Amino acid sequence: MISVNELKKKSLAKYADFLSWYFFNNDKNMFPLVIPCNKGNPYDDLEQRELELKEIHQYSKNNGKHSYRYETDTVSTKNGIQTVITKILFENKEDYLSFINKKKDFELLEKVSKIILNNLHTSFSETNIKTWIVKNHEKVISANIEESTDSYWKNICLCANWFYQNPDSKLYLRTIPLQVHSKFIENNQAFIHSLCSVEKITKENSFIKQHGLKEKPDFVRFRFLEKFEIIEGFVPNEMQLSSEDFKHLYSAKILKTIENIFIIENEMVYITFPSIQNSLCIWGHGFSSGGFNKYEWLKKYRLFYFGDLDEHGYQILSFFRYSFPNVKSFCMDMNTLNEFNNFRVKGESLKGGIPDNLTVEELKVFTELSNDKEYNRLEQERISHQWIKNHILNIDSLKVK
């Protein structure tokens, strides 16, 4: 015979079906809702059957609860006349919701659904909205709401309407003309985007791109590796430009004497990179250097890439070389690995096989590292400053100042 806990699990499994039935008001009546279950066998252990039947009765509508009702019959066995359960059912939604402890949740979901249906733009299909409510019922109930339920969901709808009607505004999120603060939009991106997607499918990953907003600018940090007077009396150690401005830096007079450009992944190595004539270095900042393909003007210069000696470092180099085939690796050779072998540590292994676009020497180092899962990473800041200087002197036409 089924226990009360098992009966509750089976009843909860019907909740999604119940929501679909309720919100779409289809012709088929869900109640009485019969719960299929093992109701016992007349030849079961009699004492055990009596205990289980007593528990079923205790929590039932037969005992005055808002709960399931059970029906019984009598059968004749070798032990005499026995009572067996023939059916367990819920007569109405009130009894069903009370038993599965969903009464408050359902009332809240019902309230939220009315707010959404009344406040979303008429362009939104009622069927699609109800489908969204049923699909997201758990997220709706568990939403972390600081203000009242009414104002929260009205503001969600306000935002969803605006984004739906302004799919490519090119505005910063903070400047959107809505009577909600930008933090509200930031904190509730999932609900806002999800509701907008009821009527249209978006492919971009980020909320900003999905809804045609203006992204806050990326910045590129770079250093001239020799003293350079930008304007009279001003010799900066480092500069930073927005990605868009850096894209057009090639037209600046300050690059006229530049011949070599180093892409340095580690920030401290970038900051302390030795002075070299006619050269500048750029902080690559890990995989973000993969976005350098928009700086076409870099192809005019002799390029060097200096990253960590690990599987991911060579993968970044490979990505970079797709856009800049002329790039040469710097201090990523076997001599460097052997010189600082004692500083190798365990790093993450690469998923996806061997990177393309590696030279024979680079592939040799990559293979050595990938074959040693315990010590497969040499961080570039472990490489001494003097070794870097000496490496520069071995490159034709480079002069350390």
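Does asparagine 357 count as buried, partly exposed or exposed, and what is its relative accessibility? At 32% relative accessibility, asparagine 357 counts as partly exposed, where buried means under 20% relative accessible area, exposed over 50% and partly exposed in between (1.4 Å probe, protein chains only).

Before going further, note that this is a predicted model, in which local features need pLDDT of at least 70 and side-chain atom pairs count only at pLDDT 80 or more, while totals for chains, interfaces and linings use all residues. Residues are numbered from 1 along each chain as its sequence is written, and side-chain values use heavy atoms, with hydrogens and water left out.

**The whole chain**

With everything displayed, the protein shows 17 helices and eleven strands; helices (H or I, at least four residues) and strands (E, at least two) are DSSP runs, numbered from the N terminus. Of its 401 residues, 43% count as buried. Among contacts (heavy atoms within 4.5 Å) with a separation of 6 or more, 68% join residues 24 or more positions apart.

**Two asparagines with positive phi**

Select asparagine 357, in the loop between α15 (334-339) and α16 (360-370), where phi is near 65°, a positive value in a residue other than glycine. Then move to asparagine 278, in the loop between α13 (267-271) and β7, which has a positive phi of about 55° and is partly exposed, with a relative accessible area of 23%. Most residues other than glycine have a negative phi, and most peptide bonds are trans.

**The sheet**

Next select β6 (residues 260-264) and β7 (residues 279-283), which pair in the parallel sense over five bridges; here asparagine 260 has serine 279 in β7 as its bridge partner.

**Helices α2 and α5**

Select α2 (residues 15-24) and α5 (residues 103-119), which pack at an angle of about 40° with their axes 13 Å apart; axes are lines fitted to C-alpha atoms, for helices over the stretch in contact, and angles run from 0 to 180 degrees between N-to-C directions. That angle makes α2 oblique to α5, since angles under 35 degrees count as roughly parallel, over 145 as roughly antiparallel, 65 to 115 as roughly perpendicular and the rest as oblique. Side chains to display here include Tyr15, Phe18, Leu19, Tyr22 and Phe23 in α2, which meet Phe106, Leu109, Glu110 and Ser113 in α5.

Tyrosine 96, in helix α4 (residues 93-99), is buried, with a relative accessible area of 0%. Leaving aside neighbours within four places in sequence, tyrosine 96 is in contact with Ser11, Lys14, Tyr15, Phe18, Phe31, Leu33 and Phe90. Follow Phe31 onward, where the peptide bond from phenylalanine 31 to proline 32 is cis, with omega near 5°; proline 32 lies in the loop between α2 and β1 (33-34).

**Cysteines**

Finally, select cysteine 159, which is buried, with a relative accessible area of 0%. The count comes to zero disulfides, a disulfide being a pair of cysteine sulfur atoms within 2.5 Å; for cysteine 159 the nearest cysteine sulfur, that of cysteine 196, is 8.9 Å away.

Terms used:
Pairing = 2+ DSSP bridges.
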